[in-house]
Amino acid sequence: MNYPQELIDEVKKRSAGMRLEGINSGSGPKHPKLMIIGEAPGRNEIVNNIPFSGDAGKELNKSLAQIGLTRDDVYITSAVRSRPYAIKKVFSKRENKEVTKYPNRKPTKKEVLAHAPFLDYEIDYAQPKLIVALGNTGLERLLGLGHKISEEHGKVIENTPILRLNPQKDGYVWSKQKYTIFPEYHPAAVFYNRKLSDDIIKDWKVIKPYLEKEK
Ligand code: URA
């Protein structure tokens, strides 16, 4: 996806001063079989401009394959399209001095709001019917604060409006359009808790019949 320059300028203005690096655009076809909404790109994605191209992406590819899809069938994006980074001073034994590191971190709510024009634009462009929200950030962006993947993963939310930027551009309003949402663990969750992998396999099975219905 090539974002229009005015949209990039708008988001840059909205996110001025935030610790966000680069822009990795979302990608996929119009009318995808599924839209996948993650959290934010990491280092790999900023370098090669391909969403979910690191280790989390390999896990995501496995889940897609499980339901007979490839990346070409789906539109992939996230709530924030730049890499949120922290600034950490650590002592490097190798260099024998203090060095500054810029690790990935979770985006803040303000950053998600600042980047809302990108996601709204992509949803309008792709016009998905079925959306997988990967992780709490994506789920809260679509359905509001307080939604939790740990409670809602594998449950289908049918015929629901989603949140879009309001006309004043300082908060959200509900969309007129309705969607079917599948809340699911972010694929990186298994790196911290291997036990989730059985749940993830079970949850993705729930999506398959909906793909058949939309054919
Ligand atoms: N995590 C995300 O949410 N998106 C990416 O593109 C990569 C990792």
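**Briefing: ligand site, nonpolar cores and selected residues**

An oxygen atom of the ligand lies 3.0 Å from an N or O atom in the side chain of His186, a polar contact being a pair of N or O atoms within 3.5 Å; within protein, one must be able to donate a hydrogen and the other to accept it, and residues adjacent in sequence count only if both atoms are side-chain atoms. Taken alone, the ligand exposes 240 Å², of which the protein buries 93%; accessible areas come from the Shrake-Rupley method with a 1.4 Å probe, and for residues only the protein chains shown count as cover.

The model is predicted: local features need pLDDT of at least 70 and side-chain atom pairs count only at pLDDT 80 or more, whereas totals for chains, interfaces and linings use all residues. Residues are numbered from 1 along each chain as its sequence is written, and side-chain values use heavy atoms, with hydrogens and water left out.

**Ligand surroundings**

- The residues around the ligand, with a heavy atom within 4 Å of it, are Gly38, Glu39, Ala40, Pro41, Glu45, Pro51, Phe52 and His186.
- The backbone also takes part: a polar backbone atom of Glu39 is 2.6 Å from a ligand oxygen atom, and a polar backbone atom of Ala40 is 3.2 Å from an oxygen atom of the ligand.

**Annotated domain**

- An unreviewed UniProt entry places the feature "domain: Uracil-DNA glycosylase-like" at residues 25-205; UniProt positions are given in the numbering used here, feature names are shortened, and annotations may be inferred rather than shown by experiment.
- Over residues 25-205 the chain is 34% helix and 24% strand, and the end C-alpha atoms are 28 Å apart. Helices (H or I, at least four residues) and strands (E, at least two) are DSSP runs, numbered from the N terminus.

**Nonpolar cores**

- A nonpolar core is a set of buried Ala, Val, Leu, Ile, Met, Phe, Trp, Tyr and Cys residues joined through side-chain atoms within 4.5 Å; buried means under 20% relative accessible area, exposed over 50%, and partly exposed in between (1.4 Å probe, protein chains only).
- The largest nonpolar core has 39 residues, and those with the most contacts inside it are Leu34, Ile36, Leu142, Ile181 and Trp204. Helix H9 (residues 196-214) gives the most to this core, with six residues.
- Apart from this core lies another, of five residues, among them Tyr3, Ile8, Val11 and Phe118.
- Leaving aside neighbours within four places in sequence, Ile181 has contacts (heavy atoms within 4.5 Å) that include Ile131, Ala133, Leu139, Leu142 and Ile162.

- Ser53 sits in the loop between helix H2 (43-48) and helix H3 (55-66) and is partly exposed, with a relative accessible area of 27%.
- The side chain of Ser53 makes a polar contact of 3.1 Å with the side chain of Asn48 and reaches the backbone oxygen of Ile50 at 2.6 Å.
- Ala189, in helix H8 (residues 189-192), counts as buried because its relative accessibility is 17%.

**Positive phi outside glycine**

- His31, although not a glycine, has a positive phi of about 50 degrees. His31 lies in the loop between strand E1 (20-21) and strand E2 (34-38) and is exposed, with a relative accessible area of 54%.
- Asn159 likewise has a positive phi, near 55 degrees; Asn159 belongs to strand E8 (residues 157-160) and is exposed at a relative accessible area of 56%.
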